[in-house]
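Q: I am new to this structure and would like to learn how to read its features. Please take me through them in order.

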Amino acid sequence: MSTDDVAVWLYAVIGGEVADDRTGELTGVDGERVRHIDGGDLSAIVGTVHLDEFGEEALRRNLENLDWLSVTARAHDAVISAIARSGPVLPVRMATVYLDDERVKELLNTRRQDFLAALDLVTGRDELGVKAYGDLAALAAGGNSAPQPAGEKRSGTAYLMKRKQQLTAHEKAHSAAAAEAERVHATLLRHAVDGKQRPPGEPAVTGKRAWTVLNGTYLVDRNRVPTFRAAVAELQETTIGIELEITGPWPPYSFTGDVVSS
Amino acid sequence: MTDAVATSYDNRQIALVDLLDRVLAGGVVITGDITLSIADVDLVVVSLRTLISSVGSLLPPDPATGGEG
């Protein structure tokens, strides 16, 4: 494969009227100048990328490389977030690549109704993430987890008893956390247009010692974002053993896939 | 609460895990020409496994699971 071979990386789909103003001078995942392909009342935000880095085989290899993945994910998000600042945007999943501009035009044409419906859904709205981390010790403290007497010589029986106590406390903590997570999610849904729970992720990935009990994300009317944040703060004050973390605003990554399904 | 949240799309100090959660698992899923099976979960899962092992090796052992005493 020649290093001159190129393809079209898709970042996002937007309404077509003001695409020129909105793409500005953005730089994409391959250091390329971001441009737009117009198709009627829609535009695709794209960049020309090299196949030796972004072709199928290269992607397969590169996606396994944490450094590459990190840099490329941030570049992909940076373009989408920049576009989001100037109006509604449909983020496209990272690593969607087309052979040429004509194919992207075809896409805009054949999926027009889906894209328009999705744009309608996200207009004037932002995505906010809320994670809840459970402090197992604090959650279990509701029970009577007797502390191990200091200096006690640890026999096999003592070990087993302690282990059993720990397991009971662990179960209590888990059910307490699940109940709290449900309460948080239900409360936040009242301040959002939509919301969903995502898989919590491994502790090793979150980098937190605490255990993730809720990985929620919410589509919120922009003028209700302050209310939403206030609700998170209030939940934090009334919840014991749970630490809440809010992220965003995000472009509506988690709420466009349902409308535009492949 | 750790609410170090900027109020706009820029100036965000994004944790990689939250970002990947969205750019790899979210967004509009369209089958491109050079498709991989990125729409399939397998590739993403493999990538996340790489991530877990990479990040995991950087963290100190977790005292909660790091053995007795």
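Predicted model: local features only at pLDDT ≥ 70, side-chain atom pairs only at ≥ 80, totals over all residues.

Q: Which residues does A:Asp126 touch, not counting residues up to four places away in sequence?

A: A:Asp126 touches A:Val220, A:Arg222, A:Val225, A:Gly248, A:Pro249 and A:Trp250 under that rule. The C-alpha atoms of A:Asp126 and A:Asp221 are separated by 6.5 Å, although these residues stand 95 residues apart along the chain. A:Asp126 has its place in strand E6 (residues 125-134) of chain A. Helices (H or I, at least four residues) and strands (E, at least two) are DSSP runs, numbered from the N terminus.

Q: Is A:Asp126 buried or exposed?

A: A residue is buried if 20 or more other C-beta atoms lie within 10 Å of its own, exposed if 12 or fewer, and partly exposed in between, with C-beta atoms placed from the backbone. A:Asp126 counts as buried because it has 20 C-beta neighbours inside 10 Å. A:Ala95 is also buried, because 29 C-beta neighbours lie inside 10 Å. A:Ala95 sits in the loop between strand E4 (90-91) and strand E5 (97-98) of chain A, and its phi is near 80 degrees, a positive value in a residue other than glycine.

Q: How are the domains of chain A arranged?

A: Domain bounds come from an automatic or database domain assignment. For chain A, the assignment gives domain 1 (6-122) and domain 2 (125-255). The C-alpha centres of domain 1 and domain 2 of chain A lie 35 Å apart. Their contact takes seven residues from domain 1 of chain A and five residues from domain 2 of chain A. On the domain 1 side, helix H4 (66-84) and helix H6 (112-122) of chain A each give two or more residues, and the largest share, three residues, comes from H4(A).

Q: Which residues touch the most other members of the largest nonpolar core?

A: In soluble globular proteins, nonpolar side chains tend to be buried together. A nonpolar core is a set of buried Ala, Val, Leu, Ile, Met, Phe, Trp, Tyr and Cys residues joined through C-beta atoms within 7 Å. The largest core has 78 residues, of which A:Tyr11, A:Ala12 and A:Leu90 touch the most other members. H4(A) gives the most to this core, with nine residues. Domain 1 (6-122) and domain 2 (125-255) of chain A both give residues to this core, so it lies between them.

Q: What does chain B contain in secondary structure?

A: The secondary structure of chain B comes to two helices and zero strands. Of the 69 residues of chain B, 30% count as buried. Helix H1 (residues 16-23) of chain B is mostly covered, with seven of its eight residues buried, among them B:Leu19 and B:Leu20.

Definitions and conventions. Residues numbered from 1 in each chain as written. Chains lettered and ligands numbered in written order. Contact = placed C-beta atoms within 7 Å.
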